[in-house]
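Open the model in your viewer and follow the stops below. Each one says what to select and what is there.

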Amino acid sequence: MSDDFISALWQSQDGDARRPSNEDLAARAVALHRRVMWRDRIEYAAGILVAVLFIAVVIAVPDTGIRIACLVIVAGVGFTCLNLYRRRVPAPDDNVGQACRDYYRRELGRQRDALHSVWRWYLGPLVPGMVLLFVAIAYRTIPVAGWWATIRELGPIALAIAGFFFLLHLLNRLAARRLQSTIDAIDGDRS
Amino acid sequence: MTEASDRRDRLYDQAADKFGSAIVRLARGYEFHDEKRRDLVQDMHLALWRSFAKFEERCALGTWVYRVAHNIGAGHIAKARREGALITLDDERLVAENDVEETVDRASLLARLHRMIHRLAAIDRQVMLLYLEDLPAAEIAEVTGLSAANVAVKIHRIKTLLARRFAQGDPS
């Protein structure tokens, strides 16, 4: 079976394909915009919910240390949301007419860099406030319950949260490494 | 309407009329499922229409159209995060696969061709799809940004692969 036959077979498909109307294109643009906005709003809504919860703690708990820690967490959430906003891919993409290899490599690199640095721009801003919160709670409980009881109560929770953060960081680093393998394959493909 | 938007619409009309079928075929190379493929075709057309605002006619219209369509397609498979499972043109698994169907009617041949294409990593898939559209090697190089030598090697692999995978004979 010749290549010409296979090419002809391939090109025999979709000969009656209709182009979208201008109304279809406009509707698609709106649908895409809404999808992106919806995804962004879910992320920002989660951030707002967390911020509201910790502001409620600031109001309810009459302890200066805990209040400061909660306010630092709220600031961290705000910073994370700002980073998410800055990292969103602007539409339309001005580079979409670039040669395919370069475009694909650039997109993979952008995704890799975002995943590789998730510790810095997504998880990291939350850490200072979380640490302060545990210190503030320990500062209140140690005089009352003693060191060992405080460690026994707070230790597992702190370890679980730290473990969760570390797992997220690890998963993102693994995903970044997979992308790097693909980038390396593209760069090495000079046969 | 401004002159710029008139120009964009005019270029898009030319592109959609001339390459509309090719765009749908390209989308088949990136998505199996009918509904998702229809969405992908719409995305390709939308990206193409928007892109003509930046088209400076430094390349042929067809080159631009294929670049935009393939870039949207590659983004689609990257989102599906299957890149790690995809293989290159020189992978023996492309030839070693045992297709269940023995028949050589048009539909089953196309199905086999689609299955093979869908196993390919993004760049090799782009070269394969452009080759099947009968683009000359020089234009494939311009669309993909690969060197002429690299395209020549990939085309050689494509010809070998097609000969080995579809050696059963012409169904007509």
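## Stop 1: a histidine at the interface

Select B:His114, which counts as buried at 13% relative accessibility. Buried means under 20% relative accessible area, exposed over 50% and partly exposed in between, with a 1.4 Å probe and protein chains only. This is a predicted model: local features need pLDDT of at least 70, side-chain atom pairs count only at pLDDT 80 or more, and totals for chains, interfaces and linings use all residues. Residues are numbered from 1 along each chain as its sequence is written, chains are lettered from A and ligands numbered from 1 in the order in which they are written, and side-chain values use heavy atoms, leaving out hydrogens and water.

B:His114 sits in helix H5 of chain B. Helices here are DSSP runs (H or I, at least four residues), numbered from the N terminus. Now show the neighbours. B:His114 touches A:Trp10, A:Gln13, B:Arg28 and B:Phe32, leaving aside residues up to four places away in sequence. Contact means heavy atoms within 4.5 Å. Its side chain makes a polar contact with the side chain of A:Gln13, at 3.0 Å. A polar contact is a pair of N or O atoms within 3.5 Å; within protein, one must be able to donate a hydrogen and the other to accept it, and residues adjacent in sequence count only if both atoms are side-chain atoms.

## Stop 2: the whole interface

Colour by chain. In contact are 60 residues of chain B and 36 residues of chain A. Between them, about 4500 Å² is buried, and carbon and sulfur atoms give 59% of that area. Buried area is the accessible area (1.4 Å probe) that two parts lose on being put together, summed over both.

Next, select B:Lys154 and A:Asp189. Their side chains meet in a salt bridge at 2.5 Å, N to O. The count between the two chains is five salt bridges, each a side-chain nitrogen of Lys or Arg within 4 Å of a carboxyl oxygen of Asp or Glu.

## Stop 3: the core

Which residues touch the most other members of the largest nonpolar core? Select B:Leu48, B:Phe52, B:Leu113 and B:Met128, out of 77 residues. Helix H1 (residues 3-28) of chain B gives the most to this core, with 10 residues. A nonpolar core is a set of buried Ala, Val, Leu, Ile, Met, Phe, Trp, Tyr and Cys residues joined through side-chain atoms within 4.5 Å. Zoom in on B:Leu48: its contacts beyond four places in sequence include B:Tyr12 and B:Trp64.

Methods:
Helices (H or I, at least four residues) and strands (E, at least two) are DSSP runs, numbered from the N terminus.
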